Amino acid sequence: MKISIAQFAVKRGDATANLARISELSEEAASFGADILCLPEMCTTGFDWASNREHLADASASIAELKDIAQEHGIAICGSFLEKTELGNAANCFHYIDAKGSLLARYRKLHLFTLFHEERHVEAGNECVVFDTAFGKMGASICYDLRFPELFRKNTKAGALLHILPAAFPHPRLEHWRKLVCARAMENQTYFIAANQSGVEDHGSGVGKTHYFGHSVVVDPWGEILAEANEEECLLQVEIDLSNVSRVRKELSAWDDRRTDVFD
């Protein structure tokens, strides 16, 4: 399975520009022969929550455009996007759209980032999501979820061979990012794909700026880094084989040696 990770600077509050960029990246990834294009967190709107309220009415239209992009280029697309909930609130939501333009999975972010007051603007999800693809079962997660190992344990128990995490991790937490991604892969003996934003987000009005450090990364079931970006915009390419999950678990039986009688 060939994976492309689109690491780019999201234009805050400009869904039209971001969708155009995603379309370009999808075409480039498809030319590489990628099966899946992984996008960062909130990659159509960014984190301007005031303007995102205005974008809520168009959130479903953005997802429809992403479906068209996936179908046009024959590539699955996944990432985190603004979504309008049943109560009319904003949600930070993972979508996986297959190469035919069909929505296979939707997951609302469980853990909201209180340091940036995300809980004031976003309705949290309440369900873990593992979904079937043509390549095998995958587990959904978003950014801050990375710090909560129980989510990935539960998704692995549900059969996930690969975890996908769209993110917007900023400085100064680069080493947290690199260590946690490797740990989540190693402790569950699964693949892990983490797609991060790059660039600088200016919050305006003297609020300050957020510097996203990129370093999108793909980690194998041994916890080894297969590919890692730097801080610049890029399209990271890597090929993986999900059958390696069972091979690694045979060589080191940590998954089978879990004390489910105690912890489950």
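1. In which helix does Asn188 lie? In this predicted model, the residue belongs to helix H5, which covers residues 174–188. With a relative accessibility of 1%, Asn188 falls under the 20% limit and therefore counts as buried. A polar atom of the Asn188 side chain is placed 3.0 Å from the backbone oxygen of Arg184. Once neighbours within four places in sequence are set aside, the contacts of Asn188 are Phe152, Arg153, Thr156, His163, Arg249 and Trp255.

2. Glu118 deserves a separate comment. This residue is found in the loop that runs between strand S5 (103–108) and strand S6 (130–132). Is Glu118 buried or exposed? Its relative accessibility is 4%, so Glu118 counts as buried. The side chain of Glu118 makes a polar contact of 3.1 Å with the side chain of Asn92. These two residues are separated by 26 residues in sequence, and their C-alpha atoms are 9.5 Å apart. Apart from neighbours within four places in sequence, Glu118 is in contact with Glu41, Trp49, Asn92, Lys109, His111, Leu112 and Phe113.

3. The next point concerns the largest pocket. Its space amounts to about 470 Å³. The lining comprises 23 residues, and those closest to the centre of the pocket are Phe47, Trp49, Phe113, Phe116 and His203. Two or more lining residues come from each of helix H2 (49–55) and strand S11 (209–213). By class, the lining holds 12 nonpolar, three polar and eight charged residues.

4. Aromatic pairs were searched for across the whole structure, and nine were found. For Tyr96 and Phe131, the ring centres are 5.0 Å apart and the planes meet at 45 degrees, so this pair is classed as tilted. Tyr96 is located in strand S4 (residues 90–97) and Phe131 in strand S6, so the pair ties together parts that are 35 residues apart in sequence. Which relative accessible area does Tyr96 have? The value is 1%, and Tyr96 is buried. Phe131 is likewise buried, at 4%.

5. One aromatic cluster is formed by Phe113, Phe116, Tyr144 and Phe148.

Conventions. Residues are numbered from 1 along each chain as its sequence is written. This is a predicted model: local features need pLDDT of at least 70, side-chain atom pairs count only at pLDDT 80 or more; totals for chains, interfaces and linings use all residues. Side-chain values use heavy atoms; hydrogens and water are left out. On a 1 Å grid over the protein atoms alone, a cavity is a set of points where a 1.4 Å probe fits but cannot get out, and a pocket is an open set with protein on both sides within 12 Å along at least five of seven lines; lining residues have an atom within 4 Å of a point. Grid points are joined across faces, edges and corners, and a volume is the space filled by probe spheres set on the points. Helices (H or I, at least four residues) and strands (E, at least two) are DSSP runs, numbered from the N terminus. Ala, Val, Leu, Ile, Met, Phe, Trp, Tyr, Cys and Pro count as nonpolar, Asp, Glu, Lys and Arg as charged, and the others, Gly among them, as polar. Buried means under 20% relative accessible area, exposed over 50%, partly exposed in between (1.4 Å probe, protein chains only). A polar contact is a pair of N or O atoms within 3.5 Å; within protein, one must be able to donate a hydrogen and the other to accept it, and residues adjacent in sequence count only if both atoms are side-chain atoms. Contact means heavy atoms within 4.5 Å. Rings of Phe, Tyr and Trp (its six-membered ring) pair if their centres lie within 6.5 Å; planes under 30 degrees apart count as stacked, over 60 as edge-to-face and the rest as tilted.
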